[in-house]
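Work through these exercises with the model open beside you. Try each task before you read its solution.

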Amino acid sequence: MNLKDLNTNEPVYIKNINLSGIKKRRLYDLGFINGEKVEKMFTSLFKDPSCYKIKNTFIALRNEDARKIEVSYE
């Protein structure tokens with residue numbers, strides 16, 4: 001399952017990030033690391049981007065990037 005497919009207010013844990021280079025490094029800097037809890041808070045009016053809560057911070061991610069972040073319920 002990937003981050004984009006989450007329902008609103010559904011807590012999950014990051015399993016893997018299938019990005020490379022600067023995008024992957026930027027997500028790591030924002031707290032998107034394996035095992036970290038993340039929730040989808042809301043989706044924008046036009047369905048892209050979506051807002052996610054991680055470490056008490058709200059981050060907007062484009063759907064193309066959120067699709068590459070694998071998550072699980074445990």
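A residue is called buried when its relative accessible area is under 20%, and exposed when that area is over 50%. Keep in mind that this is a predicted model.

**Exercise 1. Decide whether Leu3 is buried or exposed, and find what surrounds it.**

Step 1. Locate the residue. Leu3 sits in the segment before strand E1, which covers 12-17.

Step 2. Apply the cut-off. The relative accessible area of Leu3 is 0%, so Leu3 is buried.

Step 3. List the contacts, leaving aside neighbours within four places in sequence. Leu3 then touches Phe32, Val38, Lys40, Tyr52, Leu61, Ala66, Ile69 and Val71.

Step 4. Check one distance. Leu3 and Ile33 are 30 residues apart along the chain, and their C-alpha atoms are separated by 13 Å.

**Exercise 2. Find which residues have the most contacts inside the largest nonpolar core.**

Step 1. Take the size of the core. The largest nonpolar core has 16 residues.

Step 2. Pick out those with the most contacts inside this core. They are Leu3, Phe32, Val38, Leu61 and Ile69.

Step 3. E1 gives the most, with three residues.

**Exercise 3. Classify Asn2 as buried or exposed, and trace its polar contacts.**

Step 1. Asn2 is in the segment before E1.

Step 2. Compare its area with the cut-off. Asn2 has a relative accessible area of 15%, which is under 20%, so Asn2 counts as buried.

Step 3. Follow the side chain. The side chain of Asn2 reaches the backbone nitrogen of Lys4 at 3.1 Å.

Step 4. Leaving aside neighbours within four places in sequence, Asn2 is in contact with Ala66, Arg67, Ile69, Glu70 and Val71.

**Exercise 4. Work out how E2 pairs with E1 and with E3.**

Step 1. Start with E1. E1 and strand E2 (residues 37-43) pair in the antiparallel sense over two bridges. Tyr13 stands opposite Lys37 in E2.

Step 2. Move to E3. Strand E3 (residues 50-54) runs antiparallel to E2, and four bridges join them. Lys40 has Tyr52 in E3 as its bridge partner.

Step 3. Inspect the turn. E2 and E3 form a hairpin with six residues between them. Lys47 in that turn has a positive phi of about 75 degrees.

**Exercise 5. Describe the surroundings of Ser72.**

Step 1. Ser72 lies in strand E5 (residues 69-72).

Step 2. The side chain of Ser72 reaches the backbone oxygen of Glu74 at 3.1 Å.

Step 3. Not counting residues up to four places away in sequence, Ser72 touches Val12, Tyr13 and Lys15.

**Exercise 6. Explain why the radius of gyration agrees with a compact globule.**

Step 1. List the elements. The protein has two helices and five strands. Along the sequence they follow the pattern β-α-β-β-β-α-β.

Step 2. For 74 residues, a compact globule would have a radius of gyration near 11 Å. The protein has 11 Å, so the value agrees.

Step 3. Along its principal axes the C-alpha trace covers about 30 × 25 × 25 Å.

Step 4. Check burial and contacts. Buried residues make up 35% of the 74 residues. Among contacts between residues at least 6 apart in sequence, 57% join residues at least 24 apart.

Step 5. Finish with the surface. The protein exposes about 4,800 Å², and carbon and sulfur atoms supply 48% of it.

Key
Residues numbered from 1 in each chain as written. Predicted model: local features only at pLDDT ≥ 70, side-chain atom pairs only at ≥ 80, totals over all residues. Heavy atoms only, no water. Buried < 20%, exposed > 50% of the residue type's maximum accessible area, 1.4 Å probe, protein only. Contact = heavy atoms within 4.5 Å. Pairing = 2+ DSSP bridges. Polar contact = N/O pair within 3.5 Å; in protein donor to acceptor, adjacent residues only side chain to side chain. Rg over C-alpha atoms; globule rule 2.2 N^0.38 Å. Areas by Shrake-Rupley, 256 points an atom, 1.4 Å probe, with all protein chains shown as cover. Core = buried A, V, L, I, M, F, W, Y, C linked by side-chain atoms within 4.5 Å.
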